[in-house]
Amino acid sequence: MTQGKNPAIVLLLAATVLLAIWPLPNTMALRNWMLLSGSIASGFVLFKNAPRLTRLDAWPVFVLLSFFIWLVFHLLVLSGNFEEQWHELTGDWLRTFLSAIMGLALGLLLSDPNHQLSPRLERIQEPLLIWGLAGTIAIFSVRYAYEVAHTGQWVHMDFYMTPYLGKTPLVIFGGLFLPVMFIKIKSALQQTASPGWYLYGFIGLAATLLTFYFANTKNGFAVFGLLAGYFLLQMVPRNRTPIAGRAGKYVLLLLCLAGFAYAINKHLDSNPAWSNLIADYKVGIQIEQQNVWKDVEDTSMAWPLNENGVTVNGSTYARAAWGRAGLELLKEHPWGYGQINHSFGALAIKKWSDFHKPDGSNRGATHSGWLDFALGFGLPGLLMVWIPLAASYARARRLGGFWSNYATWTIPVIAISYLITEVCTGHFIELLFFMCAWFCGLTLKPRNAAIGASVG
């Protein structure tokens, strides 16, 4: 292997490890080493691909990277809390910038593997990164299996607190892993991937679904349901070509989906919040008539009743109320407060004097990552992420290959999961910029493409 390929090896290994352990507690030192080594390797890759980055069609990359210029401008001119914002800039945002550099370099490698990777590395890059994407589900499953063996008890509800201290990592990283399984099963059905993916895909989907079930996460099941529905639509025959030769495979697939549907139904039965979702939402958005949302931990206030005469589900009510309050604050502060963590709470305390007081640096969030991000960095900051993601999605739909297909499945997952989940925090923002930069680099034209081609 030539010396010129060494940065690609380091970058692929660092990206794989990062994807596998990013949300795992007590791994900060290892994550920092991966970011440092991966970003150094990325520098060599970016230098090698400099001609591609100077072409007009690279504009999504520069829209994304211009966010960091906006960040500095926001600190110097629009800061809501200079000291805390500076602390984030030199900590969270430094790591996020390194993540973006890594993601961009990884995308460039995978968009032109024939010129970027050795033949051996080209063969293993896909399974290597798939294992990285599977890391969170695999770690949870192994830890759960250990718990079963240690206690002799099969069912451990809310077990997510043991390895991950919360549901959010399972929703986000499980959501990034699911498209791989659906794509590979679809490819196996179309005889463009090994039949072994029937087994691997079933194991991966089952492990993810069981993870969501034992974490009792409504957001996780919502993401799974949407992806499964999209998968079934993809499987609808678009021509009259006989599929008799594959009938047995489709029957097996439908049986698996029936099993998954049963698991989802069990989740729905154990979560009455689903049946009152709309009714609870209607109460939650009435923030002028209710005060409970301002301090949900105040036990002196009773939860309101919905239109069915049932006490609202606390999670649904609070999310709806905080979302409505967050939108009101965004209209008043379209440039943002300036912090990753808890800009919503900082602005809410100024508007509503009875909003719950800070608990250390914890002021409160809306439970919508996109809304919290907009409250932190304004509509301009939000657009600097959304526009590159949208451009990457449009471009990926016109490209072939596994990773481009993965981008078309995953970008909507990111859009939805970051909308319904509280992810405007450190390593989830690092992940967001890594994935966005990855897809920007992935959808750039190879260096041998004509410079005068469409810049779409």
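**Aromatic pairs in a helical chain**

Hi everyone, thanks for coming. The protein chain here has 19 helices and 0 strands, and please keep in mind that this is a predicted model. Of its 456 residues, 53% count as buried. The chain exposes about 20,700 Å², with carbon and sulfur atoms supplying 65% of that area. If we take contacts between residues at least 6 apart in sequence, 76% of them join residues at least 24 apart.

Now to the rings. The structure holds 39 aromatic pairs. Let me show you one of them: Trp93 and Phe433 have ring centres 5.7 Å apart and planes at 85 degrees, and since over 60 degrees counts as edge-to-face, that is what we call this pair. What does the pair tie together? Trp93 belongs to helix H6, residues 92-111, and Phe433 to helix H19, residues 426-442, so the pair links parts that are 340 residues apart in sequence. Trp93 counts as buried, at 3% relative accessibility, and Phe433 does too, at 1%.

Here is another pair. The rings of Phe344 and Phe355 have centres 5.6 Å apart and planes at 90 degrees, so this one is edge-to-face as well. Phe344 lies in helix H16, residues 343-351, while Phe355 is in the loop between H16 and helix H17, so the parts tied together are 11 residues apart in sequence. Both Phe344 and Phe355 are buried.

Which residues form one aromatic cluster? They are Trp22, Phe402, Trp403, Tyr406, Phe434, Trp438 and Phe439. Phe402 also has Lys184 over its face, at 4.5 Å from the ring centre. Elsewhere, the charged end of Lys351 sits over the ring of Trp352, 5.5 Å from its centre.

Thanks, and happy to chat!

Technical notes. Residues numbered from 1 in each chain as written. Predicted model: local features only at pLDDT ≥ 70, side-chain atom pairs only at ≥ 80, totals over all residues. Heavy atoms only, no water. Helix = DSSP H or I, 4+ residues; strand = E, 2+ residues; numbered from the N terminus. Buried < 20%, exposed > 50% of the residue type's maximum accessible area, 1.4 Å probe, protein only. Contact = heavy atoms within 4.5 Å. Areas by Shrake-Rupley, 256 points an atom, 1.4 Å probe, with all protein chains shown as cover. Phe/Tyr/Trp six-rings, centres within 6.5 Å; stacked < 30°, edge-to-face > 60°. Lys NZ or Arg CZ within 6 Å of the ring centre and 35° of its normal.
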